[in-house]
Amino acid sequence: MRLAITTLIAAATGMFAASFATISAKAAEPTYQGQFVQGGIVFGQTDAGDQVLLDGTAIDTIAGDGRFVLGFPRDYEGPAKLTIKHADGSVEDFAYDIGDREFDIQRIDGLPKKMVTPDPAVMDRIKDDSRQAREARTERFTEKFLESGFIWPALGPISGVYGSQRILNGEPRSPHWGVDIAVPTGTAVVAPADGIVTLAHPDMYFSGATLFIDHGLGMVSAFLHLSEIDVKVGDVVKQGDLIGKVGASGRATGPHLDWRINVGAARVDAQLLVPPMEDAQKAENAKN
């Protein structure tokens with residue numbers, strides 16, 4: 001029985017290219033393909049009916065045909081211990097080192113005090129926003145949406161990156177979980193990959209007009225601070241479809257798109273799924 005794990009990075013055409021690392025297993029010591037880093041996303045394939053455990057906990061980001069996705073949070077420390085329980089009762093264990101990353105520190109000053117430290121009167125609204133976001137990520141669609149690969153949802157200057165520690169008005173806050181693309185209000189936002197819309201909220205307290213697209217197996221894109229949402233919950237979208245427009249709604253200092261990715265509960269780095277922005281812009285310009 002063979003487990004193949006591949007980290008997939010989208011090229012400008014939407015096709016995937018693989019980045020390789022050799023890892024030895026304890027059993028028959030096969031060679032696997034994969035890249036494991038903090039904030040990383042790993043796509044895998046095992047036998048139909050197998051169960052996959054990460055660090056002793058069964059993952060739910062897996063389909064019956066053996067396709068699965070792993071997500072490693074920003075501060076994950078390896079080794080990652082992967083256990084495969086095969087349908088015939090046999091078990092294989094693997095250990096993967098996790099690549100460390102350095103993250104930027106960002107200072108943002110001049111925000112209204114109420115946006116840094118919310119008024120107690122809005123806490124119920126914030127809690128309800130969080131509840132809706134959690135519920136929109138609970139489904140585990142097994143359609144093969146991920147076969148489309150990923151493209152950038154908008155092209156432009158990158159003004160914020162995953163994992164950066166934000167200091168708001170001098171006060172340290174949680175890391176930034178998305179990649180920010182600084183483009184004017186009204187710029188088109190397209191679906192980076194096939195999927196189904198699971199949240200279309202016109203006005204969340206922090207993120208403003210917010211849209212979620214589930215790409216299957218617990219992998220969900222979030223698009224924050226929109227000025228317009230052009231799809232509704234339940235819509236199935238294809239890569240490149242118009243889904244909304246860039247804005248500055250919610251807690252935003254100016255118009256930009258904040259694109260985020262979750263794999264299950266793990267917040268991961270969306271930039272690992274797409275080519276460098278400069279390459280994507282060159283490819284787009286070459287079409288014109």
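**Charges and strands in a predicted model**

Me: E284 and K287 both lie in helix α3 (residues 277-287), 3 residues apart, or about one turn of the helix. How far apart are the closest N and O atoms of E284 and K287?

Reply: Helices here are DSSP runs of H or I with at least four residues, strands are runs of E with at least two, and numbering starts at the N terminus. A salt bridge needs a side-chain nitrogen of Lys or Arg within 4 Å of a carboxyl oxygen of Asp or Glu. E284 and K287 form one, with a closest N to O distance of 3.6 Å.

Me: Good to know! What should I keep in mind about the model itself?

Reply: This is a predicted model, in which local features need pLDDT of at least 70 and side-chain atom pairs count only at pLDDT 80 or more, while totals for chains, interfaces and linings use all residues. Residues are numbered from 1 along each chain as its sequence is written, and side-chain values use heavy atoms, leaving out hydrogens and water.

Me: Is K287 buried or exposed?

Reply: Buried means under 20% relative accessible area, exposed over 50%, and partly exposed in between, with a 1.4 Å probe and protein chains only. E284 has 31%, so E284 is partly exposed. K287 has a relative accessible area of 63%, which makes K287 exposed.

Me: Which residues join D128 in one network of salt bridges?

Reply: R131 and E135 form a salt bridge, with their closest N and O atoms 3.0 Å apart. They sit 4 residues apart in helix α2 (residues 123-135), so about one helical turn separates them. R131 is partly exposed at 32% relative accessible area, and E135 is partly exposed at 48%. Through shared partners, D128 is joined into one network with R131 and E135.

Me: Are R260 and D258 buried or exposed?

Reply: Their side chains meet in a salt bridge, at 3.0 Å from N to O. As for accessibility, both R260 and D258 are buried.

Me: Then which backbone nitrogen lies 3.4 Å from a polar atom of the D50 side chain?

Reply: Contact means heavy atoms within 4.5 Å. Beyond its neighbours within four places in sequence, D50 is in contact with residues including I62, I84 and H86. The backbone nitrogen 3.4 Å from a polar atom of its side chain belongs to A87.

Me: Which residue of β8 stands opposite K85?

Reply: Two strands pair if DSSP finds at least two bridges between them. An open sheet of 4 strands runs in the order β5-β4-β7-β8, with antiparallel pairing. β5 (57-58) and β8 (91-96) are at the edges with a single partner strand each, so one side of each has no neighbour in the sheet. Strand β7 (residues 80-85) joins β8 through 6 bridges, and opposite K85 stands V91.

Definitions and conventions. A polar contact is a pair of N or O atoms within 3.5 Å; within protein, one must be able to donate a hydrogen and the other to accept it, and residues adjacent in sequence count only if both atoms are side-chain atoms.
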